[in-house]
Amino acid sequence: MDHLIKMAQQCGRRIPVLGDVAAGIPIEAITDIVDYEEIDAALAATGEFFGLRIKGDSMEPRMMEGDVVIVRKQDSAETGDTVVVLVNGDSATVKKIKYGPDGISLIPTNPVHDVQFYSAADAERLPVRVIGRVVELRAKY
């Protein structure tokens, strides 16, 4: 019996891939389940997770269109984290986040895209809020 319990603990957990998230200009957040990914038990034990499929090129060359990011649900992040941010309640985007004294910057890794800056007032009014931190990238070929 102990052997079966140990095997169950080592098995991964399937998490839903909830659709596309922009790696570019924010697009409407999609919550339809389009696929599933498996994460290992150790990661699964650290929080609640979901996957999102990358759409766009602002996070290239690291994240490409069609790749899936594994996201830990959380409402805070530190400067430098790659996060999923919800803007105005219905548009989600993946970017590196930078907090400054005047507001929040959402930074692409592809230099052809501009940094999206939101003043503290804009971030409060729209709102701009972190919904999760990217913890893993699953590249698709």
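Here is a walk through this predicted model, from its nonpolar cores out to one strand pair and the loop that links it.

Let's begin inside. The largest nonpolar core counts 14 residues, and Leu52, Val84 and Val94 have the most contacts within it. Five strands each put in at least two residues: strand 1 (13-22), strand 4 (49-55), strand 5 (68-73), strand 6 (82-87) and strand 7 (91-100). Strand 4 is the top contributor, with three.

Strand 8 (residues 103-107) and strand 9 run antiparallel, joined by four bridges. Strand 9 (residues 116-119) has two faces: Gln116 and Tyr118 are on the covered one, while Phe117 and Ser119 are on the uncovered one.

Now for the loop between strand 8 and strand 9, where you'll find Asn110. Is Asn110 buried or exposed? With a relative accessible area of 10%, Asn110 falls under the 20% cut-off, so it counts as buried. As for its surroundings, Asn110 is in contact with Asp57, Ser58, Met59 and Glu60, leaving out neighbours within four places in sequence. A polar atom of the Asn110 side chain lies 2.9 Å from the backbone oxygen of Asp57.

Technical notes: Residues are numbered from 1 along each chain as its sequence is written. This is a predicted model: local features need pLDDT of at least 70, side-chain atom pairs count only at pLDDT 80 or more; totals for chains, interfaces and linings use all residues. Side-chain values use heavy atoms; hydrogens and water are left out. Buried means under 20% relative accessible area, exposed over 50%, partly exposed in between (1.4 Å probe, protein chains only). Two strands pair if DSSP finds at least two bridges between them. A polar contact is a pair of N or O atoms within 3.5 Å; within protein, one must be able to donate a hydrogen and the other to accept it, and residues adjacent in sequence count only if both atoms are side-chain atoms. Contact means heavy atoms within 4.5 Å. A nonpolar core is a set of buried Ala, Val, Leu, Ile, Met, Phe, Trp, Tyr and Cys residues joined through side-chain atoms within 4.5 Å.
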